[in-house]
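Student: Let's walk through this one together. Can we start with how its helices pack and then get to the sheet?

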Amino acid sequence: MAETAKLCFRNKTALAPMVRVGTLPMRLLALDYGADIVYCEELIDIKMAQCKRVVNEVLDTVDFVAPDDRVMFRTCSREKDRVVFQMGTADPQRALIVAQLVQNDVAAIDVNMGCPKEYSTKGGMGAALLSDPDKIEAILTTLVNGLSKPVTCKIRVLPSLEDTVKLVKRIEKTGVSALAVHGRFKEERPQHPVHCDYIQAVTKVVSIPVIANGGSLDLVKTHSDITKFREATGACSVMLARAAMWNPSIFCSKGTVSVDEVMEEYIKYAVRYDNNAFNTKYCLCQMLRDRVESPMGKQLHAAQTTKEICAVYSLMEYYDKIESELQQRREEKNNTIESHPTLDGDVITMPVRFEKREYPPQITPKMYLLEWSRREKLEQPVYEVVQRSQDRAFQSTVIVAEKKYRSTLWEKSKKSAEQAAAVVCLRVLGVPEGRVGEDSCELVNKRKREENKNGEIQSEDSPVPELDGRKRHITQSPEKAEEPANRTTKEAVMNGSHVNQTAS
């Protein structure tokens, strides 16, 4: 990459890395309000090293997906030139592996050397690194030499000003592009005053950009205070954490806007980019602050899904609009994928996720497959289920007419895994599966009429076996599998080593 295209850290305002706060919706919102640079939340190298990079065509994002299908880091083109990926690490080589995995999708790589929380320090990460300058040097040097993107780090000041100066000089020699300094000691918390004199001392002994952090409580309450904090510390840039968490419009040069308006804009990004509902709720509660016990705050606390959050804020029209657009993209994606089944041994596979919302009540792919089998005078479908040990996810293989069908994606429940297998079979056979808007299947409609006539409507939760197909066979993945002595099992059909994207 050309040097001119690299991220500049001088005369900037930045959204600080914050656990549970610095996800994509907050980063985009901060950019909207005027932030120059946004940091993601600290992500641990061990977890990130297991991730697979996935282009999410539905959301227009790049996702880094863990083996259990959780999206650990999601980014998009809008922030590509201004997002800094912060990692927690204590190992130079593992840090390099993670940085190389993400560097083409971010503007810079940052190493957390200031977090005092136990979840970070117990692994020798975060503020624990401050007492091991040799390891700091090893990590930063490895990253600088192994990457094409700028490398930075974020530290806390040491109790001794002399030791702080020695440390930052050593950090500068590694070749990092900038240094963020939180002006508090490792033992201090937000209620303690920030040591502007320490940050100022750092700026005088290094030539790289210094980003001042830690002024949210006493010094930075409005946008104009950002300049005052910069001048008080002598730093060339300022990084805001809690002040931005409470109201990210603090980055706006025209002045802050109402928190209620900010929350609505945040929710819209959360809907658009399928943010985790509990993460969304957490961030909104931080913005509510002392209003968290208000009637709206209590409604928000009771909400369990993004849809319910939208209902609290009267954003259902927006939710329905975006959900409809995303659903159309999912269908287009599925149509593209459907024509490319592959053979894994003797099993026909496709990457299919069972989305219950795509089917009308009381109608499931398993019902369609069962009715088709009856029409063709075949034996009932047989479902074999495997459970993966590391995350207890499920995968099913359905046997129809002596052929096997399976989705390559793992599901969170046995029922969903069986439905996904049924979908694969139906799509390969070219048989309707019952999705909303799909041409109806007379066989299933006939069965529903018969059930209505008898005064009974059997659902997929019904214990009546005729609607489910043949008996399930549940097997754990071979890794660490433990079966009770009285349980009959079959050999697992695969070892569960796949890493798959969470469908959107």
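Student: Which residues in α7 do L161, T164, V165, V168, K169 and E172 in α6 meet?

Tutor: Bear in mind that this is a predicted model, where local features need pLDDT of at least 70, side-chain atom pairs count only at pLDDT 80 or more, and totals for chains, interfaces and linings use all residues. Residues are numbered from 1 along each chain as its sequence is written, and side-chain values use heavy atoms, with hydrogens and water left out. Contact means heavy atoms within 4.5 Å, and helices are DSSP runs (H or I, at least four residues; strands are E, at least two), numbered from the N terminus. On the α7 side, the partners are Y198, A201, V202 and V205.

Student: How are α6 and α7 oriented to each other?

Tutor: The axes of α6 (residues 161-173) and α7 (residues 196-205) come within 10 Å and cross at roughly 40°. Axes are lines fitted to C-alpha atoms, for helices over the stretch in contact, with angles from 0 to 180 degrees between N-to-C directions. Under 35 degrees counts as roughly parallel, over 145 as roughly antiparallel, 65 to 115 as roughly perpendicular and the rest as oblique. α6 and α7 are therefore oblique.

Student: And in the sheet, which residue is the bridge partner of D63 in β6?

Tutor: The open sheet has 3 strands in the order β4-β5-β6, with antiparallel pairing; two strands pair if DSSP finds at least two bridges between them. β5 (residues 61-65) and β6 are joined by 4 bridges. For D63, the partner in β6 is R74.
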